[in-house]
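Visitor: Could you walk me through this model, starting with its overall dimensions?

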Amino acid sequence: MPLNRALILLGPPGAGKGTQAKRIAHNCSVPHLSTGDILREAIASGSALGQMVKPIMERGDLVPDDLVLHLVEERLSRPDSAGGVVLDGFPRTLPQAEQLDPILEKRGLGKPLVIDLFVNSDALLRRLTGRRMCSIGGEIYNIHDLPPKVQDICDIDGGKLIQRADDVAEVVKERLEAYEHQTKPLTEYYRSHGVLEVVDASKSIEEVNKSVSEILRKRAPGCDGHL
Ligand code: AMP
């Protein structure tokens with residue numbers, strides 16, 4: 001059964017949004033919409049959009065709201081989003097959240113369900129600086145907690161593992177600041193709308209997935225996203 005709504009994963013960089021979003025989207029057969037992935041693909045392709053956002057992302061700042069909203073609206077207008085979607089890394093500012101609401105209404109997806117993945121700052125730094133990504137399929141690893149079977153090689157497609165340009169220590173600091181100032185206030189926005197749930201995301205991937213699934217079972221009967 002489809003999700004029939006938008007699931008928003010909130011939380012700082014390194015909270016595990018991408019890892020959890022991929023699983024839930026796969027298990028519920030709905031698209032995983034990561035604005036960070038879309039922007040990184042634009043940079044890799046050398047498109048005009050990519051050239052514009054590259055310096056912003058390299059600094060660890062947020063790209064302009066209008067631009068991201070346009071990307072999300074386009075993605076949500078495709079037929080495969082009709083059964084719901086998992087949003088990862090979006091919304092990230094209050095204007096993005098406010099403008100997302102009518103877009104979801106228009107698409108018949110109603111109110112989103114929002115899960116805040118909460119992790120303390122020491123664990124975040126370890127996760128972010130240890131994170132490696134497959135250069136082919138985007139699979140996520142961590143040299144400390146989730147290493148590949150063969151060093152620097154993706155278990156799934158043999159792609160070389162790379163470190164994201166914005167996972168180096170100085171940029172991580174900027175990204176965490178952007179999160180504190182611009183994204184954290186969203187938890188209050190969604191709490192006041194009665195759609196916020198919080199999960200302790202310092203636990204293992206399996207345990208976090210289990211907690212997220214329990215919330216989905218309770219609040220969004222349809223698909224619980226659990227394997
Ligand atoms: P992420 O992969 O979600 O950590 O995003 C990587 C970078 O992409 C961020 O540091 C921002 O520069 C940019 N980005 C991704 N999503 C958004 C968004 N919703 N609003 C503004 N900038 C974004």
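Visitor: What radius of gyration does the chain have, and what would a compact globule have with 227 residues?
Guide: Happy to start there. The radius is taken over C-alpha atoms, and the globule rule is 2.2 Å times the number of residues to the power 0.38. For 227 residues that rule gives a value near 17 Å, and the chain agrees with it, at 17 Å.

Visitor: Which cut-offs and numbering apply here?
Guide: This is a predicted model, where local features need pLDDT of at least 70, side-chain atom pairs count only at pLDDT 80 or more, and totals for chains, interfaces and linings use all residues. Residues are numbered from 1 along each chain as its sequence is written, and side-chain values use heavy atoms, with hydrogens and water left out.

Visitor: How much of the chain is buried?
Guide: Buried means under 20% relative accessible area (1.4 Å probe, protein chains only). Of the 227 residues in the chain, the buried share is 48%.

Visitor: Among contacts between residues at least 6 apart in sequence, what share joins residues at least 24 apart?
Guide: A contact here means heavy atoms within 4.5 Å. Counting the pairs at least 6 apart, the share that joins residues at least 24 apart is 70%.

Visitor: In the open sheet of three strands, what is the order?
Guide: Strands are DSSP runs of E, at least two residues, numbered from the N terminus, and two of them pair if DSSP finds at least two bridges between them. S6 (140-142) and S7 (161-162) each have a single partner strand, so they stand at the edges. The pairing is antiparallel, and the order is S6-S5-S7.

Visitor: Which residue in S7 stands opposite Cys 134?
Guide: Strand S5 covers residues 131-134, and two bridges join S5 to S7. Opposite Cys 134 stands Leu 161.

Definitions and conventions
Buried < 20%, exposed > 50% of the residue type's maximum accessible area, 1.4 Å probe, protein only. Helix = DSSP H or I, 4+ residues; strand = E, 2+ residues; numbered from the N terminus.
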